[in-house]
Amino acid sequence: MTSAGDQSDDALERLLADGFERLSPRGSPRWITEDAFLRLAETRAATERLLDHVRGMLAALNPSADPELASGLVRIRPWPGLDEASGRPSGQRRRSGRDAALADVADLVAADSRAVIGEVAAALTAMVGGTDARVADLAADTIRVVSSLVARVELLEGRTGIVDELFPVPPGADADTDLSSAAASLASWFTLPEAGGEVVHADVGDGTVLRALVSALDPGRWRVVAGDPRADRAAPACAVDGGEVRLATGAELVAGAGRRSLAGVVLAGCVERVAVADALVLVRGATEALAPGGRLALLVTGNGPLAPAQWSRALEHLGLRDVRVEGAGGDQVSAVTGVAW
Amino acid sequence: MSGIHQFVPLLHRWDAVGEHVRVLRDLLRDAGHASDVYTELPDPETVSETVPYTEYEHRAAPGDVLVYQLATRSAIAGWLRTRSEPLVVNYHSITPPAFFAPWSDGLARAQVACLADLASLAPAAALGIAVSRFDEAELVAAGCPRTEVIPVANAAGPVAEPDAAELARLAAWTAGGPLWLSVGRLAPNKAHEATMAALFVYRRDVDPTARLVVVGGPAEPHYAAALQRYRGRLGLDGAVAFRTGLSQGQLVAHYRAAAVLVALSGHEGFGVPLVEAMRAGLPVVALAAGATPETLGDAGVLLERSEPRRVAAAVADVLRTPGRSAALAGAGAAQVDRLGVDDAPRRLVETLERVAEAASGGPPPTH
């Protein structure tokens with residue numbers, strides 16, 4: 001038999017383990033792009049070994065080979081544009097994006113790789129036939145292919161939002177705001193008879209809002225996933241029975257959900273600790289993650305970069321309906337809420 | 001006298017295999033052999049000590065023995081298969097690809113290729129030298145017809161004096177709190193994150209003054225970066241320090257200043273830090289994986305799993321039970337003797353000389 005304390009400790013251990021695994025870059029645009037370039041480099045090395053082999057064979061078969069042909073063989077260097085592309089300043093290739101772009105990047109890399117390999121094979125065939133006119137073309141073609149590849153990757157990255165590395169917790173951000181009065185009314189706001197689904201709660205803090213949510217929402221229809229980027233802040237929330245706590249930022253929680261998939265998002269405090277532009281990126285991501293009829297709630301004190309009334313206008317601008325501000329204002333917590341169409 | 005030359009993909013400083021190679025080269029030269037280190041790629045720090053392996057072709061001499069230090073993938077493996085000189089595979093274990101897969105597909109693929117190198121070279125080797133019985137089993141499974149277990153050459157004593165300035169710096173940093181130490185490259189199999197998570201629990205439940213130093217260079221950049229971010233998320237920025245490039249005296253200072261070595265690596269071929277800790281009289285809490293149980297023996301606490309609470313409880317038991325640390329320290333000294341690490345340099349040289357003698361028509365190598 002396990003005690004509530006054991007369960008809380010088990011939840012903490014899961015939080016610690018999952019929190020590190022989520023830092024793995026696998027699957028991120030940056031990781032996939034780097035891996036794609038690495039695979040190109042590996043394939044180039046294999047192609048060069050093949051060319052060395054062919055050169056050796058030709059030399060053995062015909063030691064007095066046509067000097068022009070021999071010269072052409074020496075000139076071949078598969079994918080000479082690759083070094084330049086791989087060596088670009090990291091800032092040009094490191095910006096992250098949404099999962100939707102990832103498959104496109106991988107497909108493009110694969111398709112362009114196949115094209116290059118096809119070109120190399122065709123050129124080799126032509127050379128063995130005694131024509132080296134294709135050789136010079138091959139070098140130019142490979143430069144074009146790799147340059148095109150880089151341009152496509154950057155185009156795709158430019159179209160996507162920035163997700164990673166945002167919202168670090170600044171020093172001094174540990175003080176918890178008293179959310180007890182807002183928590184109960186917020187929880188009741190979600191309890192529509194027909195509603196259900198997953199609610200994401202960022203900046204779980206001491207678990208006040210999480211506790212209110214899991215006690216108000218039917219666990220048969222609702223799932224509440226909470227997160228905080230600091231383990232010492234998230235650890236107390238592990239004791240909340242029925243909630244799931246992750247070591248993650250608000251941006252990571254929202255990015256981990258699919259588009260139009262969430263029944264609700266509660267952002268507590270995290271939108272007040274960062275620059276307005278970053279906060280708006282987070283809120284925009286949250287609205288895009290809401291399913292039709294899904295609800296967004298921002299718990300703000302007015303001490304952040306935007307006042308509750310300004311957040312209200314921001315939510316309307318982002319396309320939410322029934323936007324309201326509830327709370328006493330001033331230093332008290334206000335809930336700015338809206339519903340997705 | 002025959003030449004006994006070593007081949008290694010890269011010769012790194014402050015790396016277990018790299019230091020082993022350098023020590024063995026010096027021992028062979030002291031014994032009167034021509035002995036050079038051939039590499040696939042130059043390391044800027046050691047380039048003056050190495051020769052490109054492709055140049056061996058022009059320097060080869062009758063009676064040479066070639067020793068391949070196998071731990072990572074290299075084009076050298078394929079080239080060695082074409083050579084007629086007697087080959088000794090000095091095997092340092094291959095980290096399973098699964099450890100790298102979440103962080104770098106390239107490294108994972110390289111490890112797969114390295115396993116293929118082992119499978120193709122082992123059957124052709126005149127002798128396989130494993131640094132542990134754990135590694136010997138892998139050599140035998142790969143088809144190596146003759147094997148021997150000899151620890152790495154660079155674990156032999158004597159121990160350097162601790163750097164006094166480093167000791168003072170560590171004393172100021174820890175301010176009387178217990179210092180955890182973890183030594184190993186920042187590679188996924190080393191599981192430094194498990195040590196950090198355990199420290200988080202230990203500080204919360206046992207002693208909030210405990211701190212950790214992780215000594216090791218970044219072997220996989222994504223993993224190393226994740227460790228830095230994880231430290232922040234655990235709120236341990238002021239309690240966990242990453243150090244690399246330490247001199248021997250600075251490293252010994254860490255072993256002296258620490259209260260415990262926490263070694264939660266999921267795969268070790270030998271475990272040089274375990275020996276270093278045992279020599280320093282430092283108690284060890286370790287995960288029972290790879291060659292760690294064989295190297296540590298009964299001189300430390302071996303854990304079947306490395307959940308944070310379990311590790312924190314084990315450390316608390318070691319540090320807070322009167323006499324426990326001293327008992328483990330005493331057992332450590334005896335275990336170092338049992339491992340025969342001080343005898344390893346002599347055995348390595350004699351074993352390689354026997355291979356050379358056998359190749360030149362002398363008496364065959366003995367087992």
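Which residue forms a salt bridge with Arg25(B)? Glu49(B) does, and the closest N and O atoms are 2.9 Å apart. The views below come from a predicted model, in which local features need pLDDT of at least 70, side-chain atom pairs count only at pLDDT 80 or more, and totals for chains, interfaces and linings use all residues. Residues are numbered from 1 along each chain as its sequence is written, chains are lettered from A in the order in which they are written, and side-chain values use heavy atoms, with hydrogens and water left out.

**View 1. The salt bridge of Arg25(B) with Glu49(B).** A salt bridge here is a side-chain nitrogen of Lys or Arg within 4 Å of a carboxyl oxygen of Asp or Glu. Over all chains, the structure holds 37 salt bridges. Arg25(B) sits in helix H1 (residues 16-30) of chain B, and Glu49(B) in the loop between strands S2 (37-39) and S3 (50-52) of chain B, so the pair ties together parts 24 residues apart in sequence. Helices (H or I, at least four residues) and strands (E, at least two) are DSSP runs, numbered from the N terminus.

**View 2. The interface of chain A and chain B.** Chain A gives 30 residues to the contact and chain B gives 26 residues. Contact means heavy atoms within 4.5 Å. The two chains bury about 2400 Å² between them, 54% of it on carbon and sulfur atoms. Glu13(A), Phe20(A) and Leu23(A) supply 28% of the area that chain A buries against chain B, more than any other three residues. Buried area is the accessible area (1.4 Å probe) that two parts lose on being put together, summed over both. Six salt bridges are counted between the chains. Glu252(A) and Arg229(B) meet through their side chains in a salt bridge (3.5 Å, N to O).

**View 3. Helices H7(B) and H10(B).** H7 (residues 164-174) and H10 (residues 248-257), both of chain B, pack at about 40 degrees, with axes 8 Å apart. Axes are lines fitted to C-alpha atoms, for helices over the stretch in contact, and angles run from 0 to 180 degrees between N-to-C directions. H7(B) and H10(B) are therefore oblique to each other. Angles under 35 degrees count as roughly parallel, over 145 as roughly antiparallel, 65 to 115 as roughly perpendicular and the rest as oblique. Glu166(B), Leu167(B), Arg169(B) and Leu170(B) of H7(B) meet residues of H10(B) including Gln250(B) and His254(B).

**View 4. Helices H11(B) and H14(B).** H11 (residues 272-279) and H14 (residues 324-339) of chain B pack at about 130 degrees, their axes 8 Å apart. The two are therefore oblique to each other. Val275(B), Met278(B) and Arg279(B) of H11(B) meet H14(B) at residues including Gly332(B), Val336(B) and Leu339(B).

**View 5. Helices H13(B) and H14(B).** H13 (residues 308-320) of chain B packs with H14(B) at about 95 degrees, with axes 6 Å apart. That makes H13(B) roughly perpendicular to H14(B). Asp317(B), Val318(B) and Leu319(B) of H13(B) make the contact with Arg324(B), Ser325(B) and Leu328(B) of H14(B).
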